[in-house]
Amino acid sequence: MFIPAAQSAYRTLRKTQPRVRLNAIFKNGYSSKVEYKPIRSVLVANRGEIAIRVFRACTELGIKSVAVYSEQDKMHMHRQKADESYIVGKGLPPVEAYLNIPELIRVCKENDVDAVHPGYGFLSERSDFAQAVIDAGLRFIGPSPEVVQKMGDKVAARVAAIEAGVPIVPGTDGPVTTKEEALEFCKKHGLPVIFKAAYGGGGRGMRVVRKMEDVEESFQRASSEAKAAFGNGAMFIEKFIERPRHIEVQLLGDKAGNVVHLYERDCSVQRRHQKVVEIAPAPRLPIEIRDKMTEAAVRLARHVGYENAGTVEFLCDESGNFYFIEVNARLQVEHTVTEEITGIDLVQSQIRVAEGMTLPELGYTQDKIVPRGYAIQCRVTTEDPANDFQPNTGRLEVFRSGEGMGIRLDSASAYAGAIISPYYDSLLVKVISHASDLQSSASKMNRALREFRIRGVKTNIPFLLNVLENQKFLHGVLDTYFIDEHPQLFKFKPSLNRAQKLINYMGEVLVNGPQTPLATTLKPALVSPHVPEVPLVTEPPKGLREVLVCEGPEAFAKEVRNRKELLLMDTTFRDAHQSLLATRVRSHDLLKISPYVAHKFNNLYSLENWGGATFDVALRFLHECPWERLEEMRKRIPNIPFQMLLRGANAVGYTSYPDNVVYKFCELAVQTGMDIFRVFDSLNYLPNLILGMEAAGKAGGVVEAAISYTGDVSDPKRTKYDLKYYTNLADELVKAGTHVLCIKDMAGLLKPESARLLITAIRDKHPDIPIHIHTHDTSGAGVASMLACANAGADVVDVAVDSMSGMTSQPSMGAVVASLQGTPLDTNLDLRTVSEYSAYWEQTRTLYAPFECTTTMRSGNADVYLNEIPGGQYTNLQFQAFSLGLGDFFEDVKKAYREANLLLGDIIKVTPSSKVVGDLAQFMVQNDLTADQVLERAEELSFPKSVVEYLQGSIGIPHGGFPEPLRSRVLKDMPRIEGRPGAELKDLDFDKLKKELQESHSCVTNRDVMSAALYPQVTNDFLNFREKYGPVDKLDTRIFLTGPKVGEEFDVPLERGKTLSVKALAVSADLKPNGIREVFFELNGQLRAVHILDKEAVKEIHVHPKANKSNKSEVGAPMPGTVIDIRVKVGDKVEKGQPLVVLSAMKMEMVVQSPLAGVVKKLEIANGTKLEGEDLIMIIE
């Protein structure tokens, strides 16, 4: 029942003069005279949320509030909420500042304070503090010092409970101070036992021990925690009751001997013996047990002469038996839920009782106190539930709370910009819900917690939400094992936190420059490319993909062969930008134009949009997931077949993989949206080629086996790769079951006459197989060659849209379309549509100016017929030459490429074999070596790794065999691979790889696992980047590459219906002592600031190094804290799991264990070192 008379009664009494009431004298020590004396000012000897709670009660009662604060708390909100505030404990450690009794008394005396409220924690259960307050002529808002001492002493409290007839748990007769005493008790009474701080509570200094070998270590840790938190490390030991409920009864007593209970709370949802969620009243507690428990609590309070607010705690077993644990002679954190169900303000009541009012005068008689509904309190803490609830510190970048009907918030420094320090408790805000029943109260709490937005530190909100949605919780089926026995509570989807991560990324770019290497000094253009409109409300027209989806690969190939017109494959989405823009075109720009392509180019043979270099470049440089790119393109282009480049047994990598990796890759690619696999091998090595074909075919894709073309079939002098070589290869591939046959002219060497000879020869032998020609336009003859192929019987040729064609890219789409208009091979494409498509890419290309090939290459060059450099490699070699300082020697590099190719045996040159030739060429130029010198000095030279591995046979066997004597001279006694390189590799254990990734990353998908199987380190770096900076692929390209301009406003669409509005405001000119620079943004109209480490400036400042998360040898701090114990030294051998260091933070201690076995190489810490999260502790080899 809510007490309407309380406020008016109090106001009436405050107007009267102090007076004396006569009461009976009680043997339990209650006073026989109760003097009423109004309190004018209250000092709260505490900090944070509870201090503010008391201040608010004082304000409502017209009482002046006084705060104290430590040096570390000078920016804390609690000192600003008080009427007056004074610093205490200058020069003392953070916790000790609030434990300095003489200084607290001095502040009271100097500032006319009448009374002191201890809050909870710190000095709240110290009888010497209560006595010092009284001795100073002040009033202590709490029980008498004698009661505080008796109830704070676990042993004395047990004696009192026995005297009052309250059942107890077996335990030690007195405090235990040594591990030897603890071990003796455990041996005598058996396990399990629980160690508890003898002079404090709140879960600090508490350990459950179930194994005898853990007794000493657990005692030391618990005692150390207790000493840090309460100033005394003495422990109390009890037998541990299995499967209990933790029920506590709230009491309120006055100086006249009146005691009432305010019903009970269920505090069973705990971890590390600290309460996480509290409920009032206790659900599913039989009334008869409740009555016995509350009666026992009141009886104990009267027995000891208890006054003011307090709590009696019990353990209740499954049979309904309950046992006294302890009395908390203070206000408790969870007092809020009792206030909600009874309507009684406990803090105001404490003050009123301290003034001398009796409970009847306040209207608090037992018959009038009736609970109403259910209240739940969740403690939102800055702890990471995914990392064993380790405390998390830092700056609150964003704070937005949940509110609304039935929700109460008790907090302190919960606001944007607040600093969460490692010195105090991790509590951020208490959220209290109240409703008519437990389920409704849980629903309100759930809704409120979901409204919270907290960025900058991790919180336990995801865990709390799982608790609130657990069916046992919702039905009140609880005990102290609840968290331990529900591991699903720890399976939660972490907050995306996309907005804050993106702002951090942009801040990083503004302070430290581009986060992807730029190839030139050119800047992205200030343009927003115009996207041609399409009718999005209608489905795009049907295309060839319908045949593939409905009838399968064979029917698809037959349909292609039956088409009379020349079909085109558009390479704009992959090979064109690989050749012209270093493969840097982002999904952001590809997806913008995708709907237009779907509606206007539905009769294309395919879009080449994936695989090859785009896969690892997306991860490595663009920081986006290639699988997501494929999936999103498929959503926008459902009607055109997609084609990818598959490097045979090398998949989309540069080395050999176990066979199951190639098969799994193709399977996942088809599931994600891929249709056609253009399978090739960099040496035309059939065993590698056929493996890729089989993998693509088994996955359900169209198999397009590709013959990599080199040489010149029209030149009778070029005998190694003659017409017969190619027709024989074609025979083998058709026999192996290819659906489509491709000629892959990766360097653009296929002259028109050579094209006529080659295609005619293959068509004559295989009249029913579709033939697809891929080329590059490096020489400028690409259009002529493709027309020659078409006239000779090819079904498909490659083109790129005009503004992305020419030079090392593919021939012009518009040129081919126009050339065939009105002929039997007419492509049926509208030249105006091609022009509109080209206009988009002409603008978009300017965004990628830093990677523009025309920086170093002004036109095509027919010398490609001499050096035979593949189109995609040509521009890359130019950029590499410039970056290595060989820009003026690029002509020499091209000549060396020809010589290197001949040295290696005149091989097929396409990734990865082309890289071998390119590496050898640059090696020769850098070291000023001729081909003859390389051969002569082969035994003494240190060749590039790719050259050595090629000669070992790591990518297959070249046509005609390896070059001798070069191979023997380079390899000497090195091992050689005979046959297909991947044939002897063991299958990759994908489950094991996934578990390894999950140890370091959250939300690991099967796609991530596949990427890691191909590119382990690149994928690991990508996952780290994504977790730190979020979906950077959503940013406009210019902003992604070079960041926004100060003052610029722009939108970032995250998903349908969710768009961020951002404005870059400023970058601070001042550098903080730790090398941090502040960057300011406006996000959705609200000010946001991020702190970015200036990597250039920090070189001149000593900053503790960070552990590299991807390097397991580097042991980082799992949480911020202070080093209090180092258990190893340099040179020590350590085992995995061995304790290395003990950290202390937020009054909690943590043992850092070794992540691996090895030897300690370097220590980066000393005792007393203060660490931030992820600071490097040591290196283990």
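User: Is arginine 647 buried or exposed, and at what relative accessible area?
Analyst: This is a predicted model: local features need pLDDT of at least 70, side-chain atom pairs count only at pLDDT 80 or more, and totals for chains, interfaces and linings use all residues. Residues are numbered from 1 along each chain as its sequence is written, and side-chain values use heavy atoms, without hydrogens and water. Buried means under 20% relative accessible area, exposed over 50%, partly exposed in between (1.4 Å probe, protein chains only). Arginine 647 therefore counts as buried, with a relative accessible area of 3%.

User: Where is arginine 647 placed?
Analyst: Helices (H or I, at least four residues) and strands (E, at least two) are DSSP runs, numbered from the N terminus. Arginine 647 lies in the loop between β27 (642-646) and α25 (659-672).

User: Which residues does threonine 911 contact, leaving aside neighbours within four places in sequence?
Analyst: Threonine 911 sits in the loop between α34 (890-903) and α35 (913-926). Contact means heavy atoms within 4.5 Å. Its partners are Arg647, Tyr654, Phe680 and Ser682.

User: Where is lysine 154 found, and what is its relative accessibility?
Analyst: A UniProt "binding site" annotation, from an unreviewed entry, covers Lys154, Glu238 and His273. Lysine 154 is in helix α8 (residues 154-163). It counts as buried because its relative accessibility is 6%.

User: What is the relative accessibility of glutamate 238?
Analyst: Glutamate 238 belongs to strand β10 (residues 235-239). Among its contacts beyond four places in sequence are Arg158, Lys196 and Ile325. Glutamate 238 is buried, at 3%.

User: Which side chain makes a polar contact of 2.7 Å with arginine 265?
Analyst: Arginine 265 is in strand β12 (residues 259-271), and is buried at 0% relative accessibility. A polar contact is a pair of N or O atoms within 3.5 Å; within protein, one must be able to donate a hydrogen and the other to accept it, and residues adjacent in sequence count only if both atoms are side-chain atoms. Its side chain joins that of glutamine 332 at 3.4 Å. The 2.7 Å partner is threonine 338.

Key
UniProt positions are given in the numbering used here, feature names are shortened, and annotations may be inferred rather than shown by experiment.
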